[in-house]
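User: I would like to learn how to read features from a structure, one at a time. Please give the general idea and then the case at hand.

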Amino acid sequence: MSDTDVDALDTRPTKIMFVAEATAHGGRDGFVTSQDGQIQLKVAMPPELGGDGNGTTPEQLFAAGYSSCFHNALILVGNREGYDLSGSTVAAKVGLGPNRSRGYGLAVALSVSLPVLDQDIAAKLVDAAHAVCPYSNATRGNIDVTILLG
């Protein structure tokens, strides 16, 4: 692989423009807070994992972050190309399960709706957004991400 190929694959930021900060207290049966006070959430194990389900899960927070970030990347690339993305949405499902290394892993399914665009254009924009989105870049190669265009 040439140096040019390596540079093309490097998705690390060249400059940090924003830093988000959050703190967990008590793991999956506690609460999370953000440094700016915008997030103050109770977290709880879901019933499927033996918990009472009386709180959000880290996977729900990841799904919220990934879907909003991917949607913003989609709007960005759509605007660059001059397309109307009115009524578009991105929904994320994040699955958690055991992996082969005696730990746990995640899998993501993104459902993208671009109702005012034909399928070929929509697919092109989704591919471009997947290359731009920082969550997609962070997960590429270590989390299975399926993108469903509907």
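User: Is Thr-56 buried or exposed?

Analyst: The model is predicted. A residue is classed by its relative accessible area, and under 20% counts as buried. Thr-56 has a relative accessible area of 16%, so this residue is buried.

User: Where is Thr-56 found, and what does Thr-56 touch?

Analyst: Location is read against the secondary-structure elements. Thr-56 is found in the loop between strand E3 (40-43) and H2. Leaving aside residues up to four places away in sequence, Thr-56 touches Leu-41, Lys-42, Val-43, Ala-44 and Leu-61.

User: Why does Ala-138 count as exposed?

Analyst: The cut-off for exposed is over 50%. Ala-138 counts as exposed because its relative accessibility is 57%. The residue sits in helix H4, which covers residues 134-139.

User: How many residues apart in sequence are Ala-138 and Arg-12?

Analyst: Sequence separation and spatial distance are read side by side. Ala-138 and Arg-12 are 126 residues apart in sequence, while their C-alpha atoms are 8.6 Å apart in space. For the chain, take the contacts with a separation of 6 or more: residues 24 or more positions apart account for 48% of them.

User: What is the class of Leu-106 by relative accessible area?

Analyst: Values between the two cut-offs, 20% and 50%, are called partly exposed. Leu-106 has a relative accessible area of 31%, so Leu-106 is partly exposed. Its place is in strand E5.

User: Which residues does Leu-106 touch?

Analyst: With residues up to four places away in sequence not counted, Leu-106 touches Glu-59, Val-94, Gly-95, Leu-96, Ile-143 and Asp-144. Glu-59 is 47 residues from Leu-106 along the chain, and the two C-alpha atoms are separated by 8.5 Å.

User: How many residues are in the largest nonpolar core?

Analyst: A core is read by its members and by the elements that supply them. The largest nonpolar core has 21 residues, and those with the most contacts inside it are Phe-70, Leu-74, Val-112 and Leu-114. At least two residues of this core come from each of helix H2 (58-81), strand E4 (89-98), strand E5 (104-113) and helix H3 (119-132). H2 gives the largest share, 7 residues.

User: In what order do the elements of the protein chain run?

Analyst: Elements are read from the N terminus on. The order here is α-β-β-β-α-β-β-α-α-β, with 4 helices and 6 strands in the protein chain.

User: Which totals describe the protein chain as a whole, in box, burial, surface and charges?

Analyst: Along the principal axes, the C-alpha atoms fill a box of roughly 45 × 40 × 35 Å. Buried residues make up 27% of the 150 residues. The accessible surface comes to about 10,100 Å², of which 53% belongs to carbon and sulfur atoms. There are 10 positive and 16 negative charges, and their mean positions are 5 Å apart.

Notes. Residues numbered from 1 in each chain as written. Predicted model: local features only at pLDDT ≥ 70, side-chain atom pairs only at ≥ 80, totals over all residues. Heavy atoms only, no water. Core = buried A, V, L, I, M, F, W, Y, C linked by side-chain atoms within 4.5 Å. Buried < 20%, exposed > 50% of the residue type's maximum accessible area, 1.4 Å probe, protein only. Contact = heavy atoms within 4.5 Å. Areas by Shrake-Rupley, 256 points an atom, 1.4 Å probe, with all protein chains shown as cover. Lys, Arg positive; Asp, Glu negative; His and termini not counted. Charge placed at Lys NZ, Arg CZ, Asp CG, Glu CD.
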